[in-house]
Amino acid sequence: MSGNDLQAFALFLASFAISLLAAIALFIVSRTSPAFKGTKWLAAAYLAGAVASGLRIFPEAVPEPWLVYLSNTLVLVVYLLLYCALLRVLEPGGSRPWIATGALVAQACLGPFLLHGSHAYRWRTSLMTLLLMATLIHICYLVLKQGLPGQGRPASIGMRAATGSMVAVLGLNLVFSVFHGLVVAARSAPLSPVVLEQMMVANMVVTIVCATGILLCFLWMTAERLQRDLEIQARLDGLTGLLNRRALEEEFAREAERSDRNKEALSLVLLDLDHFKFVNDLYGHYAGDLLLCDVARILQQTLRRMDLVARIGGEEFVALLPQTEKSEADTIAERLRQEIQLSQVALGRSQLSVTASIGVAVWHGGGDNWQSLLQRADAGMYLAKNAGRNRVESVAS
């Protein structure tokens, strides 16, 4: 065995060991820590990578043209599975890996026709380069576009660093693949065995570096996603999924500063369900929870995207309305009142409904603060209660 052959064998063996150990570790993590999303898909990707490297360790087991075909196909399988893993971390329930799937299908269908002939290696490499380019660019686009979803807020610095590192690792693989493809495609004659062995060694070095980098970046992104999820959960009401009181106060501080800076109005709507204790006593807390979730749904569907909605008490909800004058806030509150009154929730054979008393207040800016704004809205809500309930009242000062 020549020096290059021995070096290639050692690199294939190292790649096989790294991929197999990573696959086993990720499978264990997926079983013991379900919160780490996508680890099962990534484990499958590393297992496919281990198989691809294992085929190269024992090349005599498969004829050379078919060995190349299987290796190339497995590489695309690896990136398809990586895409699926990243979807679980970055974009749950989002787009599908159509480009990665299409590249794999194209390689699987066209690859066998490029196994023989004087220029088979050239065309086979060109096809693989194009398919790999499309797949890697699509994965990089997913990572750069998505970063970290959630609550309309930008990704954290840590997530941006993690996604940037992932793109850098994938970019290294992309640059080398394009370079390799151009070198082969630009030559009219096949490369010498010595050059082919040297390029194979270089390819394995890049593969090992990228495999290690992808694993570290993925774990980094997953940790950032878990941290972000914990922060989001700390801001949300557990039953309705709306913001909680503390989160709304934080959002008010930002909106008040923006409204003061831009000289814009800022209104608050405080909503309390009428006779809600009677519903709980008569039908049970399960029925009450259904009504609360239904009211939360109405608030989210009726209000605008820029409005902020929170549940701040048992049956109390608040909507913070940026860029909204008193007259417009009154109109929005009345629309909410009507939607809540008309809505019905099925409970067995019964249809439950509820009404709401609503108070509206406008932030004055300057020395005005959250507590005074909420107190004025609360005073309006009690005016509505005292006037017969199921109505809207506003307090000017």
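**Cavities and salt bridges at a glance**

The largest cavity in this structure has a volume of about 40 Å³. Please keep in mind that the model is predicted. Searching the whole structure turns up two cavities of 30 Å³ or more, and the structure also holds 18 salt bridges.

**The largest cavity**

- The residues lining the largest cavity are A35, F36, K37, V89, T222, R225, L226 and D229.
- Helix 7 (residues 193-235) supplies four residues, the largest share of this lining.

- About 30 Å³ is the volume of the second largest cavity.
- Around the second largest cavity sit L291, D294, V295, I298, I340, S343, S353 and V354.
- Here the largest share of the lining, again four residues, comes from helix 10 (residues 285-302).
- Five nonpolar residues, two polar and one charged make up the lining of the second largest cavity.

**Salt bridges within helices**

- In helix 8 (residues 245-262), R258 and E255 are three residues apart, so about one helical turn separates them.
- R258 and E255 form a salt bridge, with their closest N and O atoms 2.7 Å apart.
- R258 is partly exposed at 33% relative accessibility, whereas E255 is buried at 11%.
- Helix 11 (residues 326-342) holds E334 and R337, which are likewise about one helical turn from each other because they are three residues apart.
- E334 pairs with R337 in a salt bridge whose closest N and O atoms are 2.6 Å apart.
- E334 counts as partly exposed, with a relative accessibility of 25%, while R337 has a relative accessible area of 11% and is buried.

**Another pair and a network**

- R304 forms a salt bridge with D307, and the closest N and O atoms of this pair lie 2.7 Å apart.
- With 26% relative accessibility, R304 is partly exposed; D307 is buried, at 7%.
- Which residues are linked in a network of salt bridges? They are R235, E250, E251 and R254.

Key
Residues numbered from 1 in each chain as written. Predicted model: local features only at pLDDT ≥ 70, side-chain atom pairs only at ≥ 80, totals over all residues. Heavy atoms only, no water. 1 Å grid on protein atoms, 1.4 Å probe; cavity = no way out; pocket = protein on both sides within 12 Å on 5 of 7 lines; lining within 4 Å. Points joined across faces, edges and corners; volume = space filled by probe spheres on them. Helix = DSSP H or I, 4+ residues; strand = E, 2+ residues; numbered from the N terminus. Nonpolar A, V, L, I, M, F, W, Y, C, P; charged D, E, K, R; others polar. Salt bridge = Lys/Arg side-chain N within 4 Å of Asp/Glu carboxyl O. Buried < 20%, exposed > 50% of the residue type's maximum accessible area, 1.4 Å probe, protein only.
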